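Hi,

Here is the structure I promised to pass on.

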Amino acid sequence: MASPRKQPLSTLVSLIFLALASLWLMQGPIGIYYQQTYHRDYPLAVLEQSGVWKSGQRIWASLNRAIDDTGKSLDAGSASLTDDANRNFVLTEDFYRREREARAEEENQRRAAAELLARQKQEAEARQRADEARLREEQAAQDERSRALAQEARRRAEEERRANYLMIAPPGKVFMAGDSLMQGIAPHLLRTLKTQYGIEGVDLSKQSTGLSYPSAFNWPETISRTLLKDPGIRLLVIMLGPNDPWDMPDPANKGGKFLRFKTPEWEAVYRQRIAGIVQSNAARGVSTLWIGAPGMKAARLDGQMLWLMQVVQDEVEKQGAVFVDTRHLLPGENVGYSDSIVLDGKTTKMRSGDGIHFSVAGQKYLAGQILDKLRLPPPVSSQ
């Protein structure tokens, strides 16, 4: 056993030997490190001339190659072991089967998810379309209700306007004008107005008159002159038509060709005469109640009246006056013509034998219908 004093010396000698051995073996890397660090030649480079000194570098290189070869061998062995393990224990047919099943399951899940997403999208689109359709239906229903309410409001407003427009009370007077049909109605209407309501009237109805031939009888001029003469007149009740379906002279071309019935030129002139009467009345504060001609027994005349009364109604209402359609008051199977109607459970003859004029019962019936259109004061007997 070495003495305590000799141990440090032995250790120092061992360390010096180890350092010299390391310097000898690792002279190459140490020289490169020294040159790269201090940028000068390696002080021990002169020893490289010695074969003994250089043998250390060769030994170190051999050791490194041995270590590399050993590492590569270990890597190769590890790879071989891994391949054997995969081949014998992992990548078996059962492994590949499970791999295929896993991929198939993953594909099925992906497909199911895609189908679910597509179905949800379709359902969402269907709900959206249903909601849009419901909203459209609700909007259409709302619009329909709004239109119905608007129409009802307009109807009531028009009824109120017509009622106010046809208001008549003493000392206001009623003016009856027209052809032979009005000649039968006027006396009954004026008698009721006078006896029950104290309303006076003027009757200038004249047979075989109309608006087509003012040279034979000029109704616009007659009406205007009568209103000027009697300013107490507040309502004109007029009935014309059966004497008008003829070709008539062109007022703009006297002595020229006649205007043919139903042509646009004929209609324009006829409308002007209707409008002239209504406008002249309105200028004097007089309301106009125009009574349409009823259905006629003769088919040709009935067709003419059907066309003409549509023109008259359109123009009268366009001018703000009131038109009464008697074709609907005296209905029948023969294009609006009927000899009789049922009143109070009894068949009552309304027309005369000529198929044009009214019977006495028909005259009274239409007089009552006209009376119902007027807004009248309380009867004299109740005042």
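R97 has a relative accessibility of 34%, so it counts as partly exposed. Its side chain meets that of E101 in a salt bridge, at 2.8 Å from N to O. E101 is partly exposed too, at 44%. Both residues sit in helix α4, which runs over residues 93–165, and they are four residues apart, or about one turn of the helix. Bear in mind throughout that this is a predicted model.

R110 and E107 form a salt bridge whose closest N and O atoms are 2.4 Å apart. These two are three residues apart in α4, again about one turn. R110 comes out at 47% relative accessibility, so it is partly exposed, and E107 falls in that class as well, with 30%.

Then there is R134 with D131, where the salt bridge spans 3.8 Å from N to O. That still counts, because the cut-off for a salt bridge is 4 Å. R134 and D131 are about one helical turn from each other because they lie three residues apart in α4. R134 has a relative accessible area of 38% and is partly exposed; D131 is also partly exposed, at 38%.

On to the pockets. What lines the largest pocket? The residues are S212, Y213, P214, S215, P249, D250, P251, K254 and R273. By type, that lining divides into four nonpolar, two polar and three charged residues. The space inside the largest pocket is about 180 Å³.

Is L211 buried or exposed? With a relative accessible area of 2%, L211 is buried, because buried means under 20%. L211 belongs to the loop between β2 (201–203) and α6 (219–229). Its C-alpha atom is 7.1 Å from that of R273, although the two are 62 residues apart along the chain.

Last, the nonpolar surface. L9, L12, V13, I16 and L20 make a nonpolar surface patch of about 480 Å². One of them, L12, is in helix α1, which covers residues 6–25. L12 has a relative accessible area of 47%, so it is partly exposed.

Cheers

Definitions and conventions:
Residues are numbered from 1 along each chain as its sequence is written. This is a predicted model: local features need pLDDT of at least 70, side-chain atom pairs count only at pLDDT 80 or more; totals for chains, interfaces and linings use all residues. Side-chain values use heavy atoms; hydrogens and water are left out. Patches are made of residues with over 30% relative accessible area and no salt bridge: like charges are joined within 9 Å, nonpolar side chains (Val, Leu, Ile, Met, Phe, Trp, Tyr) within 5 Å. Accessible areas come from the Shrake-Rupley method with a 1.4 Å probe; for residues, only the protein chains shown count as cover. Buried means under 20% relative accessible area, exposed over 50%, partly exposed in between (1.4 Å probe, protein chains only). On a 1 Å grid over the protein atoms alone, a cavity is a set of points where a 1.4 Å probe fits but cannot get out, and a pocket is an open set with protein on both sides within 12 Å along at least five of seven lines; lining residues have an atom within 4 Å of a point. Grid points are joined across faces, edges and corners, and a volume is the space filled by probe spheres set on the points. Ala, Val, Leu, Ile, Met, Phe, Trp, Tyr, Cys and Pro count as nonpolar, Asp, Glu, Lys and Arg as charged, and the others, Gly among them, as polar.
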